[in-house]
Structures are given as structure tokens and as C-alpha cells.
Amino acid sequence: MLTRLFVESVERVYEERAARRRACGAVKSGAVTVVQRTSGDMRLNPHLHVVFLDGAYHEDGAELVWNELGHLRTREVGQVIEHAVGRMLRTIRSRPVW
């Protein structure tokens with residue numbers, strides 16, 4: 001669940017950037033996520049490896065049109081992290097602790 005919130009937060013930034021470049025209609029991006037549960041010395045160390053598309057695509061009639069958007073700038077990375085952490089905290093706080 002938290003992984004999904006993080007990925008959606010990054011994708012939202014790419015979708016907003018594509019919309020600012022006047023991409024027609026709804027745009028979508030994509031990512032591949034792998035959860036690694038241990039570190040090199042086999043200690044428990046759960047973390048994510050995520051590869052994002054550097055852009056977004058949209059439908060133009062029967063075609064998919066690619067909008068290359070480039071890498072996120074440092075400021076944008078900070079905004080993504082701030083947004084993702086906020087969503088994660090709200091989600092965790094809304095769940096009862098057993």
C-alpha cells in the first residue's frame with residue numbers, strides 16, 4: 001500500500017508536467033518496482049528499487065503519443081518526497097493499531 005502511494009506521487013508529477021506542456025487528454029506514466037528485503041550481508045533491510053519512465057503518454061485517436069519529460073529536478077524530487085511522506089503518514093494514522 002505504501003509503495004503504491006509513493007509510485008502514484010511520482011507519476012502525478014510527470015502527469016502534471018505533461019499537462020503543462022499541453023499534452024492532449026489524460027496522460028499516464030509508468031514504473032517498475034522491486035522490493036528488496038535484505039542488504040548484501042543478508043540483514044533485514046526492506047527497501048524499494050523503482051524505475052520510472054521519464055515521461056508520459058496519451059492517446060491521440062487510435063495512437064499512443066509519448067511525451068518525453070526528462071529527469072526530475074532536485075526541487076521536484078523534494079516535492080515528491082514531501083507529498084509521498086504526507087500521504088503515507090495520513091494512511092498509517094487512519095489505520096487502527098491492534
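Student: Let's start with Phe52. Which residues is Phe52 in contact with, leaving aside its neighbours within four places in sequence?
Tutor: Phe6, Val7, Val10, Tyr14, Gly30 and Ala31. Contact here means heavy atoms within 4.5 Å. This is a predicted model, where local features need pLDDT of at least 70, side-chain atom pairs count only at pLDDT 80 or more, and totals for chains, interfaces and linings use all residues. Residues are numbered from 1 along each chain as its sequence is written, and side-chain values use heavy atoms, with hydrogens and water left out.

Student: And how many aromatic pairs does a search of the whole structure find?
Tutor: One. The ring centres of Phe6 and Phe52 are 6.1 Å apart and the planes are at 70°, so the pair is edge-to-face. Rings of Phe, Tyr and Trp (its six-membered ring) pair if their centres lie within 6.5 Å; planes under 30 degrees apart are stacked, over 60 edge-to-face, and the rest tilted.

Student: What does the pair tie together?
Tutor: Phe6 is in helix H1 and Phe52 in strand S3, so the pair links parts 46 residues apart in sequence. Helices (H or I, at least four residues) and strands (E, at least two) are DSSP runs, numbered from the N terminus.

Student: OK, which residues make up the largest nonpolar core?
Tutor: Ten residues: Val7, Val10, Val13, Tyr14, Ala18, Val27, Phe52, Ala56, Leu69 and Val80. Helix H1 (residues 2-20) gives the largest share, five residues. Such a core is a set of buried Ala, Val, Leu, Ile, Met, Phe, Trp, Tyr and Cys residues joined through side-chain atoms within 4.5 Å.

Student: What covers the buried residues of H1?
Tutor: The cover includes S1, S2, S3, S4 and H2. Among the buried residues of H1 are Leu5, Ser9, Glu11 and Arg17.

Student: And H2, which residues are buried there?
Tutor: Glu76, Val80, Ala84, Gly86, Met88 and Thr91. H1 is part of what covers the buried residues of H2. The 21 residues of H2 should span 30 Å, and its end C-alpha atoms are 30 Å apart, which agrees. The expected span is 1.5 Å times one less than the number of residues.

Student: New topic: what order do the strands of the open sheet have?
Tutor: S1-S4-S5, three strands with antiparallel pairing. S1 and strand S5 (63-68) are the edge strands, each pairing on one side only. Two strands pair if DSSP finds at least two bridges between them.

Student: How many bridges join S4 to S5?
Tutor: Six bridges join strand S4 (residues 55-60) to S5. Gly55 stands opposite Glu68, and His58 opposite Val65. In their hairpin, with two residues between the strands, Gly61 has a positive phi near 70°.

Student: Which residue other than glycine has a positive phi near 70°?
Tutor: Met42. Met42 is in the loop between strand S2 (31-38) and strand S3 (44-52), and is exposed, with a relative accessible area of 63%.

Student: Last one: where in the protein chain is confidence lowest and where is it highest?
Tutor: Lowest in strand S1 (residues 27-28), at a mean of 82, and highest in helix H2 (residues 74-94), at 92. The chain averages a pLDDT of 86, and 95% of the residues score at least 70. pLDDT is the predictor's confidence in each residue, from 0 to 100.

Key. Buried means under 20% relative accessible area, exposed over 50%, partly exposed in between (1.4 Å probe, protein chains only).
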